Amino acid sequence: MIKILFDESHDQLSCSQSQGDNTPKEAWTILCSQVKQLFGDNAISFKKELLTRQVLQDFQMLILAAPKSPLSAEEVKAIVSFVKQGNSLLIASDQESLVIKDDSINFVLESLGLRFEELLNHPPEQVFNLLPHYISSEVSQLKIREPVYIKTLSNSPYPVDIIATLPDTGKTLLAALEVDGSNQSGRVAILGNYLIFSDKYIDTGNNRKLASNILCWLAHQNSLDCRDARIATEVNYKQSAKFSIVIANPKLQRLENITCVLESDTDILIQEPSKKIRFLPGNGKTQLQWTVIPQQIGQQTLRLTIDIPEPGNSETSKTSSLFLAPVAQFQCIPDAEFDLVFLNPQGKAQEIVETGVTFEVQAIARWKNHAKAVPLRMQLECPLTHIKVEQISTERWYLTVLDPGDWLITLHISYINQKITRLVHAYPSAKTKIEKIQRDVVTPLAAEIHYQVSQIRQEFDSEEIREIPFELLTPEEQVNRLYNYSTKEQLLEALQAARAETKRFSPLVEKLLQWIAPTYSPLYGCCIPYDPKLAAHLVKEHQFFEQQLAYNFQGIEGDEHYGQTWLEGNIAALLLHEKYGHGFFYKHTKVGQQLAILYSHGLLRKVDSEGLKSPYPRLLHQEYKSEIEALHQSSIILNEGFATWMELTILRRLKGSVSQTVYRRKDFLFNYDEYLTFLQKDSAYFQRFEPFYPSRYQEGYEYLEEIQTSFGAECGSKCVVQAVIKAADVDFGIIEHSGRVEFLLPSGKIKEDLLNEDDDNVTSPTERLKTIWKLLRKHVNEIRAEQQKLQCHRHCLHPDCPVNLVIKKYLEC
């Protein structure tokens, strides 16, 4: 009969009465009852004396359950010798006992090649990963509390059977080993959570069966040993794999007619599932092997039942069984490679996306070796607070990144526990950047500029001027706002082509530069296209257009030359040019107001004529088309010259580096614009009055700049504005009445007057500016003397303005 010693000499937690918690004492009691049930009441002994060789020699099994007082060196040697003599040892611990005791319990384990270690991860409460062994027979899950784990040392002298591992970490909870002895092997079971034997846990999961199996194995009452189960961790769908396991006879007596049946819970095709071992000699072992072919994708589980007839010749002899469930697990995977790709609207792969711009994500399976494609469930995971997801099929999704940054997109392939992770880099979209520029650049600059221009004339502080919008827009937004019909469609198509362009095609860029540029609209205010990314893309193949692309689209992304300082200077220039130059012209001059009426009704621009309704205003446009064209062209040099003068004059007065913008802007406006050269070819007006320069900006600017210089710092700017007002002070009889445009002059009269070269009856705004410039130069001394008398530098709009009097006397007489 086996004799089992329960050690009580080292203040085991199992024996102690914990304050307010009976769990340790219950565990001790339950373990004792298990021993009595298996081996009889007389199998147990309790001793509170040191564990010497003399004490241990009367026993075949020693139970050390979480001792908290140290073992002496002699006791450690005695215990190790006890095992080497063919006896058995159950040694258990837990988190509390490992923390409060010294390390002597590990001295015992280290001599066997193991040690207990504290678990630093969050302690799990269940264990499902049981490996094949007699101890794990009919055990598929355990309930635990605050475990420690078992570490196998690199110099372990004995082979260790790992029986149970902790979830997530895979660290060992339960292990067993055998030490060769003279008559039989010594056996050791090591458990990292003895509290599974407590009343609270013993009947949860398969804890009670585990306790019974451990004790029977330590008592050498197992009829078979099972170990070293092997199968590939991944097996291709419907491809064969080998599963093998070693069956060993721990007894001296021969075993016969052992039946082993392999099964699965997922319809795995198993060739010859039942195998019979005719005989197994004492202390002998054999390896069994099966061929398995999975029929489903995902986690697969194998079960093994081993029936062992007890010795005897009768056919009715009793049979004992081992049931290992699971005996092995593996993943059935499709014979394919998976990938996750991001596609732009053109269907091309990309890894960098714009915030706010929807793109497609596709899961791609590349099937190998002529494998048949099988349906798969896939799930896309991403940070939903930053990315909007819309699933459009089992393998496709639409994503919109809401915030800039680097975001992980993970594809989970169900059943096979496989995932693919891709990093998507999202940079701020044009809209996001525009909002930031409007807030951080435009708003403070607009305030400073408004103060400066308000010092020139009080009209610049009028509500009409203040309320003119100044908006940065994407190119597509500008096209949709300013153009209609076929022009809009063609420009949107051109933008799409430009974004996809890979080879140089200059006509495309020329078209974009012609139509998409900073623009003042009497209807919509200042519309400024912003897309440095598109400019950077186009400049790769069109370096010749670098300046135009930069100024039209507010920079070139990635080029340090067009950084924040450049952008701020350009925004300041456009505020002055578009809002206070063109805005003033259309709001506060007579010619500008008449042109604004024509623009608002779609009569000014050729591109708007396509959508004119019949009979009104189409017939009106057809009747006055040449007059409208001549009027518009006659105001270009005055209008653009004044806007340029406003820009270059006020830029010099601004703070910091913005003031330096004047030099590069002047160069760009004068040297990169040839608008009048092309316009003159088909223009009756410019064929009659030839422009001095190709640029539409230079001639008018020079007239106004000379006027400013002539009248000095105090009055020069005021005189320029007054000269512009008087140059455009012509009534062509264009009015708005009851929502319709009316021409008070007969057809042909406007054009006739505009093309008249008689200095006494000049109506062309530009020609009037030239005449005013000559008059003011001629009478500069006279005017300056009057200005001093009237103190014009303090109040510009004096009824006896010397500039007005000279113009009235010599031009309007």
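This is a friendly dialogue about how to read a predicted protein model.

Biologist: What should I know before I start reading?

Modeller: This is a predicted model, in which local features need pLDDT of at least 70, side-chain atom pairs count only at pLDDT 80 or more, and totals for chains, interfaces and linings use all residues. Residues are numbered from 1 along each chain as its sequence is written, and side-chain values use heavy atoms, with hydrogens and water left out.

Biologist: What is the mean pLDDT of the protein chain?

Modeller: The general idea is that pLDDT is the predictor's confidence in each residue, from 0 to 100. Here the chain has a mean of 90, and 95% of its residues reach 70 or more. Residues 15-24 are a stretch to read with care: pLDDT stays under 50 there, and the model has 16 contacts for them beyond four places in sequence. A contact means heavy atoms within 4.5 Å.

Biologist: How many helices and strands does the protein chain have?

Modeller: Helices (H or I, at least four residues) and strands (E, at least two) are DSSP runs, numbered from the N terminus. This chain has 25 helices and 34 strands. Its radius of gyration is 47 Å, well over the 28 Å that the globule rule gives for 813 residues, so the chain is more spread out than a compact globule. That radius is taken over C-alpha atoms, and the globule rule is 2.2 Å times the number of residues to the power 0.38. Along the principal axes, the C-alpha trace spans about 140 × 60 × 45 Å.

Biologist: What percentage of the residues in the protein chain is buried?

Modeller: Buried means under 20% relative accessible area, exposed over 50%, and partly exposed in between (1.4 Å probe, protein chains only). In this chain, buried residues make up 53% of the 813. The chain exposes about 38100 Å², and carbon and sulfur atoms supply 46% of that area. Such areas come from the Shrake-Rupley method with a 1.4 Å probe; for residues, only the protein chains shown count as cover. As for contacts with a separation of 6 or more, 69% of them are between residues 24 or more positions apart.

Biologist: Which strands pair with strand 12?

Modeller: Two strands pair if DSSP finds at least two bridges between them. Strand 4 (residues 88-92) pairs with strand 12 in the parallel sense over five bridges, and A92 has L191 as its bridge partner. Strand 11 (residues 172-179) pairs with strand 12 in the antiparallel sense over six bridges, with A175 opposite I190. A hairpin of six residues joins strand 11 to strand 12.

Biologist: Are the faces of strand 12 buried or exposed?

Modeller: Both faces are covered: G186, V188 and I190 are buried on one side, and R187, A189 and L191 on the other.

Biologist: Why is helix 15 said to be largely enclosed?

Modeller: Helix 15 (residues 590-600) has eight of its eleven residues buried, so it is largely enclosed by the rest of the structure. Among the buried residues are V591, L595 and Y599. At the N-terminal end, T589 is the cap, with a side-chain oxygen 3.1 Å from the backbone nitrogen of G592. After the helix comes G602, with a positive phi near 75°.

Biologist: Is D673 buried or exposed?

Modeller: D673, in the loop between helix 17 (661-671) and helix 18 (675-680), is buried, with a relative accessible area of 10%. Its side chain makes a polar contact with the side chain of R696 at 2.7 Å. A polar contact is a pair of N or O atoms within 3.5 Å; within protein, one must be able to donate a hydrogen and the other to accept it, and residues adjacent in sequence count only if both atoms are side-chain atoms. Beyond four places in sequence, D673 touches F668, P694, S695, R696 and Y697.

Biologist: What is the relative accessible area of A229?

Modeller: A229 is partly exposed, at 27%, and is found in strand 13 (residues 225-230).
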